[in-house]
Structures are given as C-alpha cells and as structure tokens.
Amino acid sequence: GVARGNVTIYRERPGQKRRPIGRAAITGGAFSFLDRPSIGPLLYRAVYTDPTTGIPYAALLRQPVG
C-alpha cells in the first residue's frame, strides 16, 4: 500500500463498460468515497497509478452492491 496519493473510483455494471465516477485522496494508507447510484447491482474498482512508473494497481469489490 501507499501512505498518500489518489485513487480513481470506477463503477461497473454487468454487461456495461467501466465508468470513472470520481477520485479519492489516500491519507494514512486509506481512502473513502461515497456514491449514491440509482440502480444496481454494480461493482466498484479503485485504481492507484504509481506516479513514478505509471503502473496502475487496482482492487475490485468481490460482492455486487445493490
């Protein structure tokens, strides 16, 4: 993990393209993001891109929301 930086949050729905919905700041190795989607089910993906190498690292929720 990283202590600070930013992650891009994506919303994903089955059968649809991934969509970026915002950015969250990493503070102390953690971040928080609030989304109020109108329909579900959906998944969220957080992507951190290392500023030095440009390599993206991602985490995907394993259980659909909604």
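**Inside the protein**

Trainee: What percentage of the 66 residues of the protein count as buried?

Mentor: This is a predicted model, in which local features need pLDDT of at least 70 and side-chain atom pairs count only at pLDDT 80 or more, while totals for chains, interfaces and linings use all residues. Residues are numbered from 1 along each chain as its sequence is written, and side-chain values use heavy atoms, with hydrogens and water left out. Buried means under 20% relative accessible area, exposed means over 50%, and partly exposed covers what is in between, using a 1.4 Å probe and protein chains only. Of the 66 residues, the share that counts as buried is 21%.

Trainee: How many strands are there in the protein?

Mentor: Helices (H or I, at least four residues) and strands (E, at least two) are DSSP runs, numbered from the N terminus. Read along the sequence, the pattern is β-β-β-β. There are zero helices, and the number of strands is four.

Trainee: What is the N to O distance in the salt bridge between Arg11 and Asp35?

Mentor: A salt bridge is a side-chain nitrogen of Lys or Arg within 4 Å of a carboxyl oxygen of Asp or Glu, and the structure holds three of them. This pair links distant parts of the chain, with Arg11 in strand β1 and Asp35 in the loop between β2 and β3, 24 residues apart. Arg11 is buried at a relative accessible area of 14%, whereas Asp35 counts as partly exposed at 21%. The side chains of Arg11 and Asp35 meet with an N to O distance of 2.7 Å.

Trainee: Which residues are linked with Glu12 in a network of salt bridges?

Mentor: Arg18 forms a salt bridge with Glu12, the closest N and O atoms being 3.1 Å apart, and the side chains of Glu12 and Arg45 meet in another at 2.4 Å, N to O. Glu12 lies in strand β1 and Arg45 in strand β3, so this pair ties together parts that are 33 residues apart in sequence. Both Glu12 and Arg45 are buried, while Arg18 is partly exposed, with a relative accessible area of 45%. The residues linked with Glu12 in the network are Arg18 and Arg45.

Trainee: How far away from Arg13 is the nearest side chain of opposite charge?

Mentor: Arg13 is found in the loop between β1 and β2, and a polar atom of the Arg13 side chain lies 3.0 Å from the backbone oxygen of Ile39. Not counting residues up to four places away in sequence, Arg13 touches Pro37, Ile39, Pro41 and Leu42, where contact means heavy atoms within 4.5 Å. For charge, Lys and Arg count as positive and Asp and Glu as negative, while His and the chain ends are not counted. Arg13 is buried yet has no salt bridge, and the nearest side chain of opposite charge, that of Asp35, is away by 6.7 Å.

How values were computed. Polar contact = N/O pair within 3.5 Å; in protein donor to acceptor, adjacent residues only side chain to side chain.
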